[in-house]
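Visitor: I would like a quick tour of this model. Please take it one question at a time.

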Amino acid sequence: YKSTDIDQSNKVIDITVEERPTGEIFAGAGTGTSGSNFSLGIKENNYLGTGIKLDTNVKISDDSLLGKFSVNNPNFNNSDKSLITSLEASQSDFMSKYGYKTNKTGFEIGTSFEQYDDIYFSPTIESYLESVKISSSASKNMKKQKGDYFDTSFNYGLTLNKLNQSFQPSSGYSSTFYQSIPLYADDWSLNNEFRYSRYYSPNDSAILSFRFLAASINSLSGDDVRISKRIFLPSKRMRGFESGKIGPVDEGDYVGGNYATALNLATTLPGLLSNLEDVDFSLFIDAGNVWGVDYSDTVSSNSKIRSSTGLGIDWLTPIGPLNFSFAKTIS
């Protein structure tokens with residue numbers, strides 16, 4: 001353009017767009033005292049140039065196999081709201097740990113969007129067909145849960161996110177309430193979960209963190225909650241304990257609970273091995289409990305608060321972040 005054709009208060013900006021690959025292939029592995037796991041997947045982040053994301057992945061562990069395919073349209077019908085659809089098939093063999101085995105197949109459809117500033121709403125509807133097998137050595141009450149089940153539920157999450165960044169935050173807080181409401185089910189279980197995390201950096205070096213979890217599940221029809229739906233605390237919430245092996249025990253099987261809570265406190269250790277810029281060390285204290293069994297007050301009474309402390313190591317490597325935890329039980 002000639003300068004006489006343009007208002008001198010404006011500028012002409014040339015934008016050059018260069019095509020880049022939008023597909024990904026990823027793999028991950030982990031191991032610990034509670035077992036090993038492996039994951040593999042393929043992603044397409046811009047299918048046919050439409051911005052639609054496709055994700056296919058497989059996860060394998062010592063006692064489970066999961067295959068999942070999902071389609072995510074981040075701006076469905078130009079509404080600034082995402083439309084997420086997924087198909088899933090899984091098999092979990094917990095005969096030796098918890099006395100049951102399940103096969104689960106189904107689908108989920110939902111959306112996610114920012115309702116207000118930093119407030120996110122994510123409703124979904126899911127339907128699954130599940131087959132449950134129970135160990136021959138399990139209790140009579142456990143054996144009653146053997147069979148096939150079909151469930152349809154409405155789930156939603158409501159999140160207030162005030163963190164300064166999603167990965168390794170150093171300040172701010174996040175609060176999430178999740179609920180699963182049965183629309184059609186055999187045991188009509190209502191699931192509630194609340195998660196809260198807070199990060200604070202008092203001197204721009206050490207980072208203090210506080211995380212809290214509370215969860216419950218109860219049958220609206222007065223039936224026993226299915227073993228596969230009961231609450232188990234994951235190992236990342238209770239380091240130093242084998243995953244799922246906290247709470248009520250019924251004739252040698254850990255059967256989970258109707259209620260669970262966990263508290264996690266941690267602080268980073270600045271200056272420790274300062275020549276390793278990609279390695280962060282932290283001290284932590286974990287505490288939690290799982291309790292409540294529908295069918296037996298006696299089984300429920302053997303649960304109690306567990307706790308541990310230890311050293312955590314976060315290592316950012318060229319192939320991705322690695323995490324190590326060395327824990328010692330307190331109670």
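Guide: Keep in mind that this is a predicted model. Ask away.

Visitor: Which element gives the largest share of the lining of the second largest pocket?
Guide: The second largest pocket has a volume of about 370 Å³, and 21 residues line it. Elements giving two or more residues to this lining include β2 (35–47), β5 (82–94) and β8 (147–161). The largest share is 5 residues, and it comes from β6.

Visitor: Which residues lie nearest the centre of the second largest pocket?
Guide: By class, its lining has 5 nonpolar, 11 polar and 5 charged residues. Of the 21 lining residues, those nearest the centre are Lys68, Ser70, Asn72, Ile84 and Ser86.

Visitor: Is Leu48 buried or exposed?
Guide: Leu48 sits in the loop between β2 and β3. Its phi is near 55°, a positive value in a residue other than glycine. Exposed means over 50% relative accessible area. Leu48 has 69%, so it is exposed.

Visitor: What is the relative accessible area of Asp80?
Guide: Asp80 is placed in the loop between β4 and β5. It is not a glycine, yet it has a positive phi of about 60°. Asp80 counts as exposed, because its relative accessible area is 66%.

Visitor: In β11, which residue is the bridge partner of Ser189?
Guide: Strand β10 covers residues 189–200, and strand β11 covers residues 208–219. The two run antiparallel and are joined by 12 bridges. In β11, Ser189 is partnered by Ser219.

Visitor: And in β14, which residue is the bridge partner of Phe210?
Guide: β11 also pairs with strand β14, residues 259–268. That pairing is antiparallel, over 9 bridges. The partner of Phe210 in β14 is Leu265.

Visitor: Which residues touch the most other members of the largest nonpolar core?
Guide: In soluble globular proteins, nonpolar side chains tend to be buried together. The largest nonpolar core here has 13 residues. Those touching the most other members are Tyr100, Ile134, Met142, Ile227 and Val255.

Visitor: Leaving aside neighbours within four places in sequence, which residues is Met142 in contact with?
Guide: Met142 belongs to the largest nonpolar core. Contact here means heavy atoms within 4.5 Å. With its sequence neighbours within four places left aside, Met142 is in contact with Tyr98, Gly99, Ile134, Ile227, Asp250, Val255 and Tyr295.

Visitor: How many residues are in the other core that lies apart from the largest one?
Guide: Among the members of that separate core are Ile217, Met238, Ile246 and Ala260. Its residues number 12.

How values were computed
Residues are numbered from 1 along each chain as its sequence is written. This is a predicted model: local features need pLDDT of at least 70, side-chain atom pairs count only at pLDDT 80 or more; totals for chains, interfaces and linings use all residues. Side-chain values use heavy atoms; hydrogens and water are left out. On a 1 Å grid over the protein atoms alone, a cavity is a set of points where a 1.4 Å probe fits but cannot get out, and a pocket is an open set with protein on both sides within 12 Å along at least five of seven lines; lining residues have an atom within 4 Å of a point. Grid points are joined across faces, edges and corners, and a volume is the space filled by probe spheres set on the points. Helices (H or I, at least four residues) and strands (E, at least two) are DSSP runs, numbered from the N terminus. Ala, Val, Leu, Ile, Met, Phe, Trp, Tyr, Cys and Pro count as nonpolar, Asp, Glu, Lys and Arg as charged, and the others, Gly among them, as polar. Buried means under 20% relative accessible area, exposed over 50%, partly exposed in between (1.4 Å probe, protein chains only). Two strands pair if DSSP finds at least two bridges between them. A nonpolar core is a set of buried Ala, Val, Leu, Ile, Met, Phe, Trp, Tyr and Cys residues joined through side-chain atoms within 4.5 Å.
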